[in-house]
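Hi there,

Here is the structure I promised to pass on. Have a look at it first, and then read on for what turned up.

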Amino acid sequence: MGNTSGDKNGKQDKNRRRYLCTGILAHVDAGKTTLSESMLYLSGSIRKLGRVDHRDAFLDTYELERERGITIFSKQAVFPWGEKEIILLDTPGHVDFSAEMERTLQVLDCAVLVVSAADGIQGHTETLWRLLKRYEIPTFIFVNKMDQEGTDREALLKELREKFGEGCVDFRDNFRTSDQGSGGVPEDLAVCDEEMLEEYLETGNVSDDTIRKAVAVRKVFPCYFGSALRVQGVEELLDGLDIFTAKKEYPEEFGAKVYKIARDDQGNRLTYIKLTGGTLKVKEVIPGIGEKVNQIRIYSGAKYEIAQEVQAGEVCALTGPEQTYPGQGLGMERESELPVLEPVLTCTVILPDDCDVHTMLRNLKQLEEEIPEMHVVWNERLGEIHVQIMGDVQTEILQSLIKERFHVLVMFGEGNIVYKETIEEPVEGVGHFEPLRHYAEVHLRLEPGERGSGMHFASECSEDVLDRNWQRLVLTHLEEKEHAGVLTGSPVTDMKIVLTSGRAHQKHTEGGDFRQATYRAVRQGLKKAKSVLLEPYYEFRLEMPSENVGRAMTDIQRMYGRFDPPETDGTVSVLTGTAPVSTMREYQKEFAGYTGGRGRMTCSLKGYDVCHNVEEVIAECGYDSEADVENPTGSVFCAHGAGFVVPWYQVEDYMHMESSLNTGGGEEDELPDIPVVRGSGSRIELTQEELDAIYVRTPDPVKKERSQRAVTVYGQDEKRGRSRSGNSPAALDAGLSAPANGNMREQSGPRGKKKGNREEYLLVDGYNIIFAWDELRKLSETNVAGARGRLADILCNYQGWRQCTLILVFDAYKVEGNPGEVMKYHNIYVVYTKEAETADQYIEKTVRKIARTADVTVATSDGLEQVIILGQGARRMSAAGLREEVEMALREMREEYPSEKGGARNYLFDYLKEEDARELEKMRLGKEKWTV
């Protein structure tokens, strides 16, 4: 061990050290821990070689590891070699603990992949190779157990090159000092890279610096052959690590990556980190998390030394921080990507009768910090604790750990498969969250990805549409949650989710609003998409007597698996392929039985692919996406101070922004279809208090007790003698037709006066205007229908003078079963919205569809509605502005058609007096332009 930084000389020596964080990876039983022992022995760190089978290995610090002879948790050892201080991380080799191994990859400078000469490259070894490639880790290969009879160095090197590429080069006998003509190493290096080829052709050799560069970028993989048990070839490997690894430069700014959480014998929480920049001292507060460092420990095996300071490149354990987690980036370091290797089974924790379930849940959550892939879940409906595991061996280890740590003997139910979901085609998801005083809308594009690609998130939304800070918040919410699919509620994977559009409100939007809108957008998109159920697959290798290969192939087909043509060498055949975990997990015993114990089966997790029995799994799961209150599929909208939920299949009808997938014209240029109710069914019964609650917007509306006095809202005002027939000439003149089912649908939509090549439309929020104009509001207190009729008359006269297309919209969304109504009232259109659709939503939807080809003005004093309308490309007019417009039109009209009584009237409602009504009727009858 090196000196701590408390000693001045030691600190100077320490500052000159070059740290090399090296991980040892292998398939189980390849000799990985034995190789670590040999390295420590040669460096002088231990005096005696330990052995796994003797239960005295230096790095097997847990009693469970010594009992079972396997590595369960990654361990650290530090020793000097040459010019480097090597930080050795020994990782688990068993597939059930591969997630623990993967967590260490994010802090490695290089890796040593151990391959058993007796077994060759096994399935899990290839998985490790893919992970090393994914994390771009420079890799050395050590072929172990070369002392066993029948091993062939050249054949093994050929297999390495076939599996891992031509970059695998035999660095035998430290070739730098050997006869260059005999080893053939420079020639092998020359074919790996153009730079090395040029150097070899010019000088007849390849320099160490050139090799270091090639190793660093994974173009060359130095291979060493030997026996860890007999300490053969290990020294050459250590020399290679010292010579052919490039010096890593670290920034001055503090940064660190958390890769492991553990607890010592006294229960102290340990945060294992690698410093990737700057320095860290005891009692310093860690940037970004605000927690203080109490101790810095440099572990080597079970023992550790206390350090006062660590520098970039070092690996240490911290006491003090309580909120850290594996994969976390500290300081300038970024968060790690989600791991590739994940649990494939989930099982129930069965507790003894005297064990408190909530206490055990808390204990298991603590254990989950150390084994995050365990993923502890409390099932509220069943009252059970569920945990996810990699395999059956892990349940035995967990059982022992729980008993040792918490003194409770638990059992585990039969493990069930962990399924996942993805989608087949791109789809847009929309999420809207707008209860009172809140607002956020999010549009996402969900795209299917390649198998095994995981989840990726991006934004292509313009900052002119949604501010950068809100966009970052949406991406954070996408990444922070494991989104549930809609088939079985399983996690979604292999997708790219892109933020395409969104909207915030300057006053009312809070961070939590975008969380809700984002979650709902994902779920709404999944409900619209064609979902695909995925299940985990094993990659298997079966070695057996040749007479059993036919039986094996039949079994694999029965298990819905696939296999390559069998390879036969004399009396032994090898069958490789893939099969679902659900069908193959119990096959080991059956295989051993029919091969008489002479067969050998190895499996490793390949990844997820399409489920072989989708309907059966969905039926057995019984998941109802509509009833999942924790993952809602609908959105929340607001109208006149009250929020209401819109189901997922209607969100597009209510959303405030244009679809990001469909921006073309076509039918969208037409007004939306509105069903018309015929006959007496057009009545709507509402109490006066209900109208107040629905239509009056206040900063803080107070809920009132509803009176039982009913207000009848007619589709047409019978008092003024208007026709209530669905087949009225007025309706037909408006371009409406009555289909056989009795509901009239708008076919072509009304057309307004043209201004240049563009038509003019005026959309009026009826109840908003009524309650904004004092005269109409007072009238509505005694006769709501009269107030509506009075407003319609005013607007009829206004339209006759201005000659625009005028649409007057009234809310009727609270009427259960109401299909909506549109009618031609004289020269304007009057719309009553359908159930669950507000006037705001109808106006926004209409504006969105016609604003590109027409000049549209919306009359409302709803502030939020005005902001939204501007965003849709329409002009806004307040209630006061509309009043001024009507009065101005009235003055112009009276100036052109003066009253017999003389003098133009200046008051808006004077002309609605009985005598003025008769006077205007005469003018209308006498002038063609005054259309009634």
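Trp129 and Phe164 are both buried in this model, which is a predicted one. Their rings form one of the 16 aromatic pairs in the structure. A pair like this is described by how far apart the ring centres are and by the angle between the planes. For Trp129 and Phe164 the centres are 4.1 Å apart and the planes meet at 15°, so the pair counts as stacked. Trp129 belongs to helix 5 and Phe164 to helix 6, so the pair links distant parts of the chain, 35 residues apart.

Now compare Tyr587 and Tyr594. Both of these are buried too, but their ring centres are 6.4 Å apart with planes at 55°, so this pair is tilted.

There is also an aromatic cluster to find, made up of Tyr259, Tyr272, Tyr299 and Tyr304. Two of its rings have a charged neighbour: the charged end of Lys260 sits over the ring of Tyr272, 4.8 Å from the centre, and Arg297 lies over the face of Tyr304, 4.4 Å from the ring centre.

Helices 5 and 6 come up again in the second largest pocket, where each supplies at least two lining residues, as do strands 26, 28 and 29. The volume of this pocket is about 900 Å³. Of its 33 lining residues, Ile121, Glu159, Arg541, Glu567 and Val574 are the closest to the centre. What classes of residue make up the lining? There are 14 charged, 11 polar and 8 nonpolar residues.

Enjoy exploring!

Best wishes

Notes: Residues numbered from 1 in each chain as written. Predicted model: local features only at pLDDT ≥ 70, side-chain atom pairs only at ≥ 80, totals over all residues. Heavy atoms only, no water. 1 Å grid on protein atoms, 1.4 Å probe; cavity = no way out; pocket = protein on both sides within 12 Å on 5 of 7 lines; lining within 4 Å. Points joined across faces, edges and corners; volume = space filled by probe spheres on them. Helix = DSSP H or I, 4+ residues; strand = E, 2+ residues; numbered from the N terminus. Nonpolar A, V, L, I, M, F, W, Y, C, P; charged D, E, K, R; others polar. Phe/Tyr/Trp six-rings, centres within 6.5 Å; stacked < 30°, edge-to-face > 60°. Buried < 20%, exposed > 50% of the residue type's maximum accessible area, 1.4 Å probe, protein only. Lys NZ or Arg CZ within 6 Å of the ring centre and 35° of its normal.
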